[in-house]
Amino acid sequence: LARELHDELGGLLTAAKLDMARVRKRLAGAPPEVVERIDHLGQMLDGGIALKRRIIEDLSPSSLSNLGLQRTLEMHCAEFGKRAEVQMQASIAEVPALTEERELAVFRFVQEALTNIAKYARARHVHVSLAPDGDEHVCVQVRDDGVGFDTEASTRNGAHGLAGMRFRVQSCGGEWLLRSQPGAGTLVQARLPV
């Protein structure tokens, strides 16, 4: 999907931007409202190109293939700490090589956990860790000191995000753990085979 967006949609948006630039050159001396509409069209195309880039990056983070899982998680955690204004601690160890699918699963697991913390937890401190767990597994944890919630409640905010996290971990042959209670923060953990 990311490749299709880059190649197909990217090509369409770039062609539209080039055509718009050609039209704009021919409109020298056109009424101001026409020039204003063309400028607005250019801004909308720029917005579409930026949106396409964000979607592609969300689907397939380029930093995973360029920098590796460890550095990507460190950067993501640091950015989250600044953006969410929380004390962020990241203990990201080098782990045995994971498949692309499992690296992406670990990244998405952390990303979704941090998104949930930002939306619902009202946390002051967040700790993310990734470490080998024996010779054949890795363990990733995200812990916060936020408001927590009743894990048994069937209707709660963020339930779809948690279900997605669990599904992603289990589809990679991993184990999922969720611990939380009102007033006691939350821990989400995934244990994945190497």
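What follows is a chat about the helices, strands, cysteines and charged residues of a predicted model.

Me: How many salt bridges does the structure hold?

Reply: The structure holds 7 salt bridges. One of them joins the side chains of Asp46 and Lys17, with N and O 2.5 Å apart.

Me: Which helices do Asp46 and Lys17 lie in?

Reply: Asp46 lies in helix H2 and Lys17 in helix H1, so the pair ties together parts that are 29 residues apart in sequence. Asp46 is partly exposed, with a relative accessible area of 38%. Lys17 is partly exposed too, at 25%.

Me: Why would such side chains pair?

Reply: Side chains of opposite charge can pair when their charged atoms come close.

Me: Which residue does Arg22 form a salt bridge with?

Reply: Asp19 is the partner of Arg22, and their closest N and O atoms are 2.7 Å apart. Both residues lie in helix H1, 3 residues apart, which is about one turn of the helix. Arg22 counts as partly exposed at 48% relative accessibility, and Asp19 counts as partly exposed at 42%.

Me: And Arg71, what does its side chain meet?

Reply: The side chain of Arg71 meets that of Glu74 in a salt bridge, at 3.6 Å from N to O. These two both lie in helix H4, again 3 residues apart, about one turn of the helix. Arg71 is partly exposed at 41%, and Glu74 is partly exposed at 28%.

Me: Which residues do salt bridges with shared partners join into one network?

Reply: Asp133, Glu175 and Arg191 are joined that way.

Me: Back to Lys52. Is Lys52 buried or exposed?

Reply: Lys52 is buried, yet has no salt bridge. The nearest side chain of opposite charge is Asp7, 8.3 Å away.

Me: Where is Lys52, and what does Lys52 touch?

Reply: Lys52 is found in helix H2, residues 32–59. Leaving out residues up to four places away in sequence, Lys52 touches Leu5, Leu9, Gly10 and Leu13.

Me: New topic. How many disulfides does a search of the whole structure find?

Reply: The search finds 0 disulfides. Cys139 is in none, and the nearest cysteine sulfur, that of Cys77, is 14 Å away. Cys172 is in none either; the nearest cysteine sulfur there belongs to Cys139, 15 Å away. The cut-off for a disulfide is 2.5 Å between sulfur atoms.

Me: Are Cys139 and Cys172 buried or exposed?

Reply: Cys139 counts as buried at 15% relative accessibility. Cys172 is buried as well, with a relative accessible area of 3%.

Me: Now the strands. How do S2 and S3 pair?

Reply: Strand S2 (residues 125–133) pairs with S3 in the antiparallel sense, over 8 bridges. Val126 stands opposite Asp144 in S3. The two strands form a hairpin with 3 residues between them, where Gly134 takes a positive phi near 75°.

Me: How many residues of S3 are buried?

Reply: Strand S3 (residues 137–144) is mostly covered, with 7 of its 8 residues buried.

Me: What else is S3 joined to?

Reply: S3 is joined to strand S5 (residues 186–193) by 8 bridges, and the two run antiparallel. The bridge partner of His137 in S5 is Pro193.

Me: What about S4 and S5, how do they pair?

Reply: Strand S4 (residues 175–180) pairs with S5 in the antiparallel sense over 6 bridges. Leu178 has Val188 in S5 as its bridge partner. The S4 and S5 hairpin has 5 residues between the strands, and Gly183 in the turn has a positive phi of about 80°.

Me: Which residues have a positive phi without being a glycine?

Reply: Glu85 is one of them, with a phi of about 55°. Arg122 also has a positive phi of about 55°.

Me: Where are Glu85 and Arg122?

Reply: Glu85 is in the loop between helix H4 and strand S1, and is exposed at 72%. Arg122 is found in the loop between H5 and S2, and is exposed at 68%.

Me: Last one. What span should helix H5 have?

Reply: At 1.5 Å a residue, the 22 residues of H5 (residues 100–121) should span 32 Å. The end C-alpha atoms of H5 are 30 Å apart, which agrees.

Terms used. Residues are numbered from 1 along each chain as its sequence is written. This is a predicted model: local features need pLDDT of at least 70, side-chain atom pairs count only at pLDDT 80 or more; totals for chains, interfaces and linings use all residues. Side-chain values use heavy atoms; hydrogens and water are left out. Helices (H or I, at least four residues) and strands (E, at least two) are DSSP runs, numbered from the N terminus. Buried means under 20% relative accessible area, exposed over 50%, partly exposed in between (1.4 Å probe, protein chains only). Lys and Arg count as positive and Asp and Glu as negative; His and the chain ends are not counted. A salt bridge is a side-chain nitrogen of Lys or Arg within 4 Å of a carboxyl oxygen of Asp or Glu. Contact means heavy atoms within 4.5 Å. The expected span of a helix is 1.5 Å times one less than its number of residues. Two strands pair if DSSP finds at least two bridges between them.
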